[in-house]
Amino acid sequence: MKTLRIYVILVTALATVVCAAQEGPLVLAQDGQALARIVAPTDTSVPAWAARELKTYLDQVTGAEFEIVTAADTSPRIFVGDCPEARAAGFDLADLERDGSWRAVVGDDLYLLGRDEPGPVKIYVHSLIERGSFYAVDHFLEDVCGVRFIKGGPYGDVIPSLPTLSVERTTVRDEPFFVDRSLGQSGLHGYDYPDADAHATLDESGRREDDRQMLLVRSGWGTLKMATGCHSSHYLMFDERFAEEHPEWFVLLPNGERGTDMPRGSYLCYSHPGVVQAFIDDARAYFGGEPPESRELTTWNKCGYGDEFMVDPHDSYPYCQCEDCQRVYQADPDQSFSEIIFGAVAKVANAVSDFEGKYVSTLAYGPKRQPPKTVTLPENVRVRLCVNGPLHHSMAGTRDEQLDLIRRWSERMEGDLVLWLYINQARPTKPIAGVPQVEAHAIADFLRAVKPYVRGAYFENESTAQTFRFLDEYVVLKMLWDPDQDVDALLDDYFTSFYGPGGEPIKAIYARLEELWRKVYTIYGGDMPRFASRVDLWEKIYTEEELAAMDVLIAEAKELAAGDEAYAWRVGMFGDEMVGRLHANRDDYERTLGVASQSEVTCYRASAEPDANGLLPMSAWDGVPHEVLGPAMETEKLHVLTHVKVAWTPEALHLLIECEEPDPDADPTLPDRQADDVDLWKDQTIEYMVTVEDDRIMSQSQYHALININGVVSDLQKALGESDYAWQGQQLVTIERDESRWTARITAPFAAMGIGDPIGLGRASFNVVRHRPRVGQAPEYYAWSPASQQGGWTEATLHGQIIFAPDVAPTPQVNLLKNGALDPTRDDGRWFADWLVPTQNVDNIFRDEEIRWDGAAAARLHADEVETVTLLQYLEGIQPATTYRFSCKVRIEEIVGEVPGHNGAYVNFNAPGFNQFVPQQALTGTSDWRNIAFEVTTAPADKWPEGARPYIRLKIGECTGTAWFDEAQLIEVTE
């Protein structure tokens with residue numbers, strides 16, 4: 001394996017080395033017997049840790065028992081760490097770069113030493129201490145012994161058997177090219193990776209992943225991380241400390257309010273002298289060793305990092321509208337807020353320049369991504385530039401722009417620049433989830449390209465499974481140490497070492513995965529990344545045929561590796577956690593597509609023509625059934641109701657959206673928001689999305705409109721991976737408001753959406769969502785399609801279906817259940833009017849106004865112990881030989897029945913001719929709201945007993961747990 005290990009002959013030991021070279025390699029073990037002893041301290045210094053590391057692996061490689069001693073008079077010896085013998089042999093550590101080391105054979109002794117932190121230490125990945133001797137040992141184990149550190153957890157190391165071990169009589173100076181080297185997500189269980197156990201073993205406490213930590217150390221994780229952290233203004237608690245006394249320190253919003261206690265925290269006005277002085281006082285206290293309490297803080301964590309103090313805003317920074325900020329911003333809008341925020345950074349840095357060896361660090365990110373033009377950055381400023389990295393480097397349309405930004409920042413920082421790289425497009429959230437972002441060659445190409453400009457990088461490589469990224473992790477850390485090595489040789493060694501005889505089929509799968517990942521962002525063509533839609537992802541890229549071909553290769557690899565326990569386990573793990581998980585994710589796509597398709601709304605033809613204003617009159621909505629928006633995102637309860645009705649006329653789709661709003665004074669909607677403002681979603685808004693198959697582009701087009709409570713519209717078309725805000729939906733909108741609600745009437749012309757004949761179209765993907773921000777409180781989110789409620793609002797495969805029907809809405813049928821909505825109470829205020837509660841259940845049934853499907857309340861049935869709880873209604877007017885349809889909504893939580901069958905949650909409809917239990921297999925476990933619906937036909941008149949009393953029971957039977965029932969309906973089926 002080619003590495004950046006520089007082979008040199010020390011001048012001071014030249015004669016010795018030349019003489020010794022004639023004697024052949026130095027033998028350290030012979031036929032399973034150790035010939036050399038390890039000479040090192042036995043304390044907790046870096047050399048002592050390194051010596052124990054060396055012994056652990058040498059014992060396994062050779063089968064011998066190597067001894068660690070503090071001194072030895074006879075050779076062969078293995079000296080670990082700086083010592084008098086190493087200095088006498090001419091090894092000068094002062095000449096090495098950070099993390100550098102020496103490996104050399106001088107005479108009959110082996111020297112492994114490097115730059116080390118003095119004194120007792122703890123070796124783990126985030127202890128940013130120099131550990132050159134540790135690197136010297138691990139690289140010796142790799143280069144000479146053939147050990148490979150591939151992953152943490154089971155079968156993570158490759159350890160060959162070499163009973164006789166020798167080392168060439170050479171001298172190796174080993175230094176990493178990049179000094180800053182690190183990854184995101186160093187711990188796996190904390191990120192809930194489904195395959196975490198396969199890659200990291202938890203210790204007895206269940207908290208630490210020691211083997212994962214040591215893997216990253218052995219892989220060359222850097223001991224210097226420049227510009228550590230982000231978003232320090234949030235962690236410095238400016239809001240809590242200063243908002244009440246100094247509201248002017250916070251951004252001035254367009255509505256005239258200050259940016260305190262916003263959904264993502266508070267934001268500062270960086271042109272205000274008070275803000276700058278507070279940062280200065282905090283930084284001086286930190287560098288001066290003062291406790292955080294001296295600045296009314298509880299911790300310096302995430303603000304101060306050893307020799308650095310961070311001055312940085314956090315995500316979604318709203319541009320301050322104050323006069324001072326706007327004067328600078330308007331002078332050069334292309335610079336965004338770089339001149340303003342870096343101006344504050346420079347002032348803080350100048351004010352702490354008397355602290356020698358201390359730095360003010362920050363990110364070049366978001367509103368300050370561009371190098372400042374008017375601000376001189378002092379020498380004690382460190383900057384980490386945030387860019388996309390390898391993926392953008394692989395595309396012509398983004399490569400030059402990205403490299404130009406890196407070059408300009410590098411020039412500004414005189415080469416003292418590090419990067420934050422977003423190789424996280426295939427993360428659990430958008431843009432792509434469920435597939436592996438495999439790009440080993442792109443990583444290598446990118447790091448070679450940025451060699452002249454940066455001193456290192458942090459790779460934020462989020463994913464949905466660790467197996468999806470662990471090969472790229474290996475490549476990243478190897479290439480950060482030596483970006484000039486042959487990546488194909490590195491990969492060949494990896495596959496051969498880790499998978500043994502099964503390596504070639506696994507290599508073929510990875511080669512295909514790399515091709516497929518590139519297809520994910522090139523499927524729509526062009527010279528810059530445009531990501532595939534979820535439909536394209538699973539139906540055009542990771543198809544059943546592609547996964548089936550991988551299955552064949554996995555079977556081949558398993559057969560080849562079957563004779564070795566370690567190789568077989570690794571191949572099996574890859575088959576389960578890479579290819580198997582791809583199968584599972586594809587199945588989930590099909591399942592969620594099915595869930596979404598169950599959400600249907602029939603769009604009937606309007607019963608009246610639009611008024612002169614183009615909107616349907618309110619009378620046309622009478623009798624049109626409504627749909628309900630349920631809680632979404634982090635909103636767990638139905639705090640307010642949102643109802644949607646749809647209808648169509650030949651020219652347009654019409655929507656009536658009624659939004660309950662009992663607290664209008666808490667609405668932060670900006671009064672002067674303009675049409676097509678990309679930030680309109682921050683207001684109180686409703687959104688609708690219609691997605692159709694577009695023959696012009698052989699793909700889908702989504703038409704998406706956002707409408708705020710003032711009737712301002714921002715609309716866009718999304719197609720081929722791009723969003724086009726220039727699209728004009730030509731919607732007609734009117735908003736009506738009162739003290740408790742606001743209602744939007746919308747006319748959306750079909751022509752603007754490319755729909756010629758809605759009846760011919762038949763159906764389209766459809767969703768409606770609502771964002772309800774509130775001053776001083778968490779925002780609320782609601783969505784119509786249940787499959788989209790966890791955040792996939794704009795993903796068409798998670799939407800329901802709108803079905804265009806040729807007729808007007810039928811007259812609503814009479815609900816034969818009284819109080820089927822379960823809203824009104826009895827006269828005494830208890831439970832539910834018209835429903836009966838058995839005496840033994842009076843403590844088990846509740847009226848729940850928070851967890852509900854629609855209306856004012858739902859019925860909650862609960863059992864702590866195994867028992868039956870029933871809500872009963874006797875039915876009047878049920879006729880013989882008649883078909884009835886029952887439906888209701890039900891939600892369950894931790895329902896546990898003792899045996900399968902009717903033990904759980906269900907509905908019981910009893911009438912002559914049947915005693916129906918639905919579902920037959922009662923509901924158990926936990927699930928969100930679902931629909932129960934069934935049809936039954938009563939007995940003929942000659943079999944109808946006198947005095948029959950049909951009834952409906954909402955019930956949990958012989959179980960524990962909780963069930964909610966809402967919106968129960970019983971109608972006579974007439975067609």
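Me: Where is the place of Pro76?
Reply: Pro76 has its place in the loop between strand E5 (68-69) and strand E6 (77-80); helices (H or I, at least four residues) and strands (E, at least two) are DSSP runs, numbered from the N terminus. This is a predicted model, in which local features need pLDDT of at least 70, side-chain atom pairs count only at pLDDT 80 or more, and totals for chains, interfaces and linings use all residues. Residues are numbered from 1 along each chain as its sequence is written, and side-chain values use heavy atoms, with hydrogens and water left out.

Me: And the peptide bond from Ser75 to Pro76, cis or trans?
Reply: The bond from Ser75 to Pro76 is cis, with omega near 5 degrees.

Me: What about Val918 to Pro919, and where does Pro919 lie?
Reply: The peptide bond from Val918 to Pro919 is also cis, with omega near -5 degrees, and Pro919 lies in strand E38, which runs over residues 914-923.

Me: OK, backbone angles next. What is phi of Gln185 near?
Reply: Gln185 is a residue other than glycine with a positive phi, near 55 degrees, and it lies in the loop between strand E13 (180-183) and helix H5 (196-199).

Me: Is Gln185 buried or exposed?
Reply: Gln185 is buried, its relative accessible area being 9%; buried means under 20% relative accessible area, exposed over 50% and partly exposed in between, with a 1.4 Å probe and protein chains only.

Me: And Trp831, what's phi there?
Reply: Phi of Trp831 is near 45 degrees, again a positive value in a residue other than glycine. Trp831 is found in the loop between strand E33 (800-808) and strand E34 (845-848), and it is buried at a relative accessible area of 10%.

Me: Switching to helices. How many residues of H15 are buried?
Reply: Twelve of the twelve residues of H15 are buried, so this helix is largely enclosed by the rest of the structure. Among them are the charged side chains Asp472, Glu473 and Lys478, together with Trp481.

Me: What span should H15 have?
Reply: At 1.5 Å a residue, H15 (residues 470-481) should span 16 Å, and its end C-alpha atoms are 17 Å apart, which agrees; the expected span is 1.5 Å times one less than the number of residues.

Me: And how far does H17 reach?
Reply: H17 (residues 503-522) has 20 residues and reaches 29 Å from its first C-alpha to its last, close to the 28 Å expected. Its buried residues include Gly503, Ile506, Tyr510 and Trp517.

Me: How do the axes of H16 and H17 cross?
Reply: The axes of H16 (residues 487-499) and H17 come within 8 Å and cross at roughly 130 degrees, with axes fitted to C-alpha atoms over the stretch in contact and angles running from 0 to 180 degrees between N-to-C directions. That makes H16 oblique to H17, given that angles under 35 degrees count as roughly parallel, over 145 as roughly antiparallel, 65 to 115 as roughly perpendicular and the rest as oblique.

Me: Which residues make that contact?
Reply: H16 contributes Asp492, Phe495 and Tyr499, and H17 contributes Gly503, Ile506, Lys507 and Tyr510, where contact means heavy atoms within 4.5 Å. They divide into four nonpolar, one polar and two charged; Ala, Val, Leu, Ile, Met, Phe, Trp, Tyr, Cys and Pro count as nonpolar, Asp, Glu, Lys and Arg as charged, and the others, Gly among them, as polar.

Me: Last one, how many helices and strands are in the chain?
Reply: The chain has 21 helices and 40 strands, and buried residues make up 56% of its 975 residues.
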